[in-house]
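This briefing is intended for readers who wish to examine the model directly.

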Amino acid sequence: MAGVKSDVLIVGGGPAGLAAAIAVRLRGFTVTVADTARPPIDKACGEGLLPAAPAALAQIGVRITTDHAFAFRGIRFVGDGASVEADFPSGTGWGIRRTKLHQLLSDRANEVGVRMLWGTSTHRLEDVATSHWIIGADGQNSRLRRLYGLDAASKESARFGFRRHYQIAPWTDCVEVYWASKFQIYVTPVAPNEVGIALLTRDRRQRVEQALATFPQLQRRLAGAPFSSVERGAVTVSRKLRRVVNGRTALIGDASGSADAITGEGLSLAFRQANALAGALAAGNLEAYQAAHRRLARKPLFMADFMLLLDRSPGLRRQTLRAMSSKPAIFGSLLALHAGRPALAFATS
């Protein structure tokens, strides 16, 4: 493609790229988004938005409502004979089909005047682009990250994720996380008559139906419920990059590093990055975005390390789940930290 000219060119039209495009356009820049796919774009993910995500989306004029999503109040952990739940300290989480979220973002981008180039090859985009700023939002296998010398990572690990949907009314207004040896199952209500089941595992051969057999009660709940989607798979990566900025180029979303999907923070993090990036571009200072990116990623990466430690250590996981089950305030404090409001100290009673 030739003749791409705007203040800001964003390569990648997933949620991160679209959120960045909207945020930057609202600062007065002309913005072009190019992606080889066409909307709505789907991806295997848990589809739960923690409270920080809708708050960040509201800043760019995208509002999640019950018209297209299901509100949930907190998180429940289940496993090793224990169960514990806690409400978010402030705000509401939302379960929303990835395709619906992408459509909301696409509609808002069109509304504010972002130029959308769907179905457009970006193979040689760097040779013809005349934009002042170039933003890589092209996912965890980002070509722009390699092209601009930003591939160096200080830490990296990968697992596998699989997701499918069932036509059944949600039985709880929490996201449930079922813990087993070397895998987790996430149950996310996404509509009044639909739930999403996401499997996170180190075994690329494992599938949702196979994993459900480990949790007979959950398996019985879903028995007979029709599938409302095919099973999709993806790789989930925990990656911390040394740099996300080089000259007039910046990375956002999974292209810029990521926390394992076990945290549920991926989209929330990307939407907050989008607002930080827009502010940095308005100031003409991408180093400010570099600093903000590092700050925003700190907590999700810490939580990913902690939760992956539980994944790798059955004895520690059993002790932790049972301790939190007997003293739910501990879990409430962890959720407060994770969901955005730091706890002053862990409660002990």
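Which residues do ring pairs link into a cluster? In this predicted model, the cluster consists of Phe-77, Trp-179 and Phe-331.

**Aromatic pairs**

- Six aromatic pairs are found when the whole structure is searched.
- Phe-77 and Trp-179 form an edge-to-face pair, because their ring planes stand at 65° with the ring centres 5.4 Å apart; the cut-off for this class is an angle over 60 degrees.
- Strand β5 (residues 74-79) contributes Phe-77 and strand β11 (residues 174-180) contributes Trp-179, so this pair ties together parts of the chain that are 102 residues apart in sequence.
- Phe-77 is buried, at 9% relative accessible area, and Trp-179 is likewise counted as buried, at 2%.
- Phe-183 and Phe-215 also pair edge-to-face, because their planes are at 80°, with ring centres 6.4 Å apart.
- The pair of Phe-183 and Phe-215 ties together parts 32 residues apart in sequence, because Phe-183 belongs to strand β12 (residues 183-191) and Phe-215 to the loop between α6 (208-212) and α7 (216-222).
- Phe-183 and Phe-215 are both buried.

**A charge over a ring**

- Arg-164, a residue of strand β10 (residues 153-166), places its charged end over the ring of Phe-227, 3.5 Å from the ring centre.
- Arg-164 has a relative accessible area of 11%; the residue therefore counts as buried, the cut-off being under 20%.
- Leaving aside residues up to four places away in sequence, the contacts of Arg-164 include Phe-227 itself, together with Glu-209 and Glu-231.
- Among the other residues that Arg-164 touches are Val-195, Gly-196, Ile-197, Val-208, Ser-229 and Val-230.

**The six-strand sheet**

- An open sheet with mixed pairing is formed by six strands, in the order β8-β2-β1-β9-β16-β15.
- β8 (115-118) and β15 (245-246) are the edge strands; each has a single partner strand, so one side of each lacks a neighbour in the sheet.
- Val-245 is opposite Ala-250 of β16.
- Strand β1 (residues 8-11) and β2 run parallel and are joined by four bridges. Ile-10 has Val-33 of β2 opposite.
- Strand β2 (residues 31-35) is largely enclosed by the rest of the structure, because five of its five residues are buried.
- In a regular strand, side chains alternate between the two faces of the sheet.
- For β2, Val-31, Val-33 and Asp-35 are on one side and Thr-32 and Ala-34 on the other, and both faces are covered, with all of these residues buried.

**The three-strand sheet**

- A further open sheet comprises three strands in the order β3-β7-β4, paired antiparallel.
- Its edge strands, β3 (48-49) and β4 (70-72), each pair on one side only.
- β3 is joined by two bridges to strand β7 (residues 93-95), and the two run antiparallel.
- Gly-48 has Gly-95 as its bridge partner in β7.

**Ala-234 in strand β14**

- Ala-234, which lies in strand β14, has a relative accessible area of 24% and is therefore partly exposed.
- The C-alpha atoms of Ala-234 and Phe-162 are 6.5 Å apart in space, while the two residues are 72 residues apart in sequence.
- Not counting residues up to four places away in sequence, Ala-234 touches Ala-44, Arg-159, Phe-160 and Gly-161.

**The second largest pocket**

- The volume of the second largest pocket is about 210 Å³.
- This pocket is lined by 16 residues, of which Lys-240, His-293, Arg-294, Ala-297 and Leu-301 are the closest to its centre.
- At least two lining residues come from each of β14 (232-241) and α9 (286-312).
- α9 supplies the largest share of the lining, namely six residues.

How values were computed. Residues numbered from 1 in each chain as written. Predicted model: local features only at pLDDT ≥ 70, side-chain atom pairs only at ≥ 80, totals over all residues. Heavy atoms only, no water. Pairing = 2+ DSSP bridges. Phe/Tyr/Trp six-rings, centres within 6.5 Å; stacked < 30°, edge-to-face > 60°. Buried < 20%, exposed > 50% of the residue type's maximum accessible area, 1.4 Å probe, protein only. Lys NZ or Arg CZ within 6 Å of the ring centre and 35° of its normal. Contact = heavy atoms within 4.5 Å. 1 Å grid on protein atoms, 1.4 Å probe; cavity = no way out; pocket = protein on both sides within 12 Å on 5 of 7 lines; lining within 4 Å. Points joined across faces, edges and corners; volume = space filled by probe spheres on them.
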